[in-house]
Amino acid sequence: MRLLCRRPKKVTVLVLLVIFFVWLFITIIEFSFGLTVTHDLIAPTTSLLKSRELKAFITSAYYYPTSESLGNNAIALVMSINLVKGPISQMETVLAPDLTELVIMAKNETSSIIVSAPYLRVTPHEVCQIITIFATVQLLPNVKSISMVGDNGMTEIPFTIPSYTKRDVVVCTSPLFVSEQWQNFLFAVHIYRKFGAHMNLYLISSVNSFYELMKEYEREGYMKIQPWVKVDFPGVPRTIADPHGQIEFRNQAASQTDCLLQFKESAQFITFLDLDDVLIPKLAPTYAEEFQKLMEGKKRLAYIFYHKENYDAITVRDSSKFSLKKMFSSLECKHKRETGKIVVDPRNLNYTWIHFPPILPNGLEKYEVTENVITHLKTIIWSDDQDPSSKILIEPPYFDNSSATIISSKAILDIEDDLRKMMRKPRIRKIFPKLPNIHYFTDLVVKCYNDRYYRYHYSGRIGEIKCPGPQLCGFHQHPKIKCTHVNATHNSMEKLSPITYYYAADPHFTEEIGCYSH
């Protein structure tokens, strides 16, 4: 009995000693490392169970009542989404959602449907936090509303009907920002007109007079200006989704995919070019005939790929002296090749990255063109010396040192005549004296891109490249240069799981923002 009475005292003492040593151990840790043990050591085990928040900006939502390639009543979606961990989130131990499908609800007057659509990744790398994805699925006829569905609710999204106006060729021009190179525009838009293409130009910002000039060309049916709004997630910290510093080249892959989807049912061929890239047909009198000739007799092609050859050009500062004939005559080949661009049959391809799609669709192939190249105006010198009254016409040489030329004298004169016809129009005649005679922003961007991106790219130091784009550059405003800039309404959205969806409404152009790239 005595033994039974004494044991509890020993056990109590032992327990008290254990508690004392645990308390002492915790105190030492807190004082030594500045931690609060219950928060810093225990809380991380619960944070492991938290999923990273996904934010998706819908850049395109096209509903196709009829489609040869997607099927009737199909939706095609292009989104910019923070699938890649950013610099800060890489330091955190969080679980990425198991995202393999998007869930979509559609309604018409009489019924509704909920479907799942697998997404396909357009961006082939993980240099940027926000990448482009594509998804498509068939819905109901005569759809009235479309919503993205989450585990805890849904978000209705706007959608548009794509173009069904038949065109032979559409040239999708990459988004322009702080653009002032009106000479490049006139060079390109008149060439496209001559050889049978429609220009669809994506615009973020440009010098006011240049914007006015493009609007007149749009009015005359030469091209279309498409506002390219910024990706934005109002109220979302940049540690979660950074659309300013972590999106590649002003969301160029999304713009090109948007253009492909927009003209998927109307264009026979679509190509994707920068403003300083010009493709001039060499094998046939028109673009459509050249593309047909290159594609016929081959296996089913997803695209054909043209290389780019660099040329220098001289043009004038003074718009009253501008001549496309003299600009053609000044072209000098530098015998340096750069990564090219593609031409697609839009029925065979649904999305593309900046230069080409990341993968080939099943059963399709590509063809690398050796019979022609893109003329890339790598360096354009603004001069005071050109004289449009000069009778000398020089056919610019083809890059291969043969006797071949890029374009014939007759075609150059036809293009010059078309320019003169436009310059005689009263509204354009008033704009021409106001066009820029200095390239202020162009110099800033070229220097910035060379310092922050191209010097790493061309030297093979790929691992040192940060997410590339104009966010790397400073745009110091010029007191005498004003810009027209795209604007839109971006709203905070109700948080959904696993993805919260955002979009822009009412895109328009304004002179109130300034000369910026976003």
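Predicted model: local features only at pLDDT ≥ 70, side-chain atom pairs only at ≥ 80, totals over all residues.
1. Two strands pair if DSSP finds at least two bridges between them. Helices (H or I, at least four residues) and strands (E, at least two) are DSSP runs, numbered from the N terminus.

2. Residues are numbered from 1 along each chain as its sequence is written, and side-chain values use heavy atoms, with hydrogens and water left out.

3. The overall picture comes next. The protein has 11 helices and 20 strands. Of its 518 residues, 53% count as buried; buried means under 20% relative accessible area, exposed over 50%, partly exposed in between (1.4 Å probe, protein chains only). The accessible surface is about 24,700 Å², by the Shrake-Rupley method with a 1.4 Å probe, where for residues only the protein chains shown count as cover. Carbon and sulfur atoms hold 55% of that surface. Contact means heavy atoms within 4.5 Å. Among contacts between residues at least 6 apart in sequence, 77% join residues at least 24 apart.

4. Strand E14 deserves a careful look. In E14, 15 of the 16 residues are buried, so the strand is largely enclosed by the rest of the structure. E14 pairs with E16 (residues 365–368) in the parallel sense over four bridges. There, Leu-301 has Glu-365 as its bridge partner. Nine bridges join E14 to E17 (residues 374–383), and these two run parallel. With E15 (residues 332–344) the sense is antiparallel, over eight bridges. Ile-304 has Val-343 as its bridge partner in E15.

5. Is Lys-308 buried or exposed? Lys-308 lies in E14 (residues 301–316). At 5% relative accessibility, Lys-308 counts as buried. Its side chain makes a polar contact of 3.4 Å with that of Asp-277. A polar contact is a pair of N or O atoms within 3.5 Å; within protein, one must be able to donate a hydrogen and the other to accept it, and residues adjacent in sequence count only if both atoms are side-chain atoms. Leaving out residues up to four places away in sequence, Lys-308 touches several others, including Asp-274, Glu-338 and His-376.

6. Strand E1 (residues 54–64) is mostly covered, with 11 of its 11 residues buried. E1 pairs with E2 (residues 74–81) in the antiparallel sense over eight bridges. In that pairing, Ala-61 stands opposite Leu-77. E1 also pairs with E19 (residues 499–502), in the parallel sense over four bridges. Leu-54 has Ile-499 as its bridge partner there.

7. Helix H4 (residues 182–195) has 14 residues, which at 1.5 Å a residue should span 20 Å; its end C-alpha atoms are 20 Å apart, which agrees. The expected span is 1.5 Å times one less than the number of residues. Of the 14 residues of H4, 12 are buried, among them Trp-182, Phe-187 and Tyr-192. Gly-196 follows H4, with a positive phi near 90°.

8. Check the kink in helix H11 (residues 440–458). The kink is about 50°, centred on Asn-450; the bend at a residue is the angle between axes fitted to the seven residues ending there and the seven starting there. The 19 residues of H11 should span 27 Å, and the end C-alpha atoms are 25 Å apart, which agrees. Buried residues in H11 include Phe-441, Cys-448 and Tyr-456. What covers the buried residues of H11 includes strand E18 (483–490). Gly-460 follows H11, with a positive phi near 80°.
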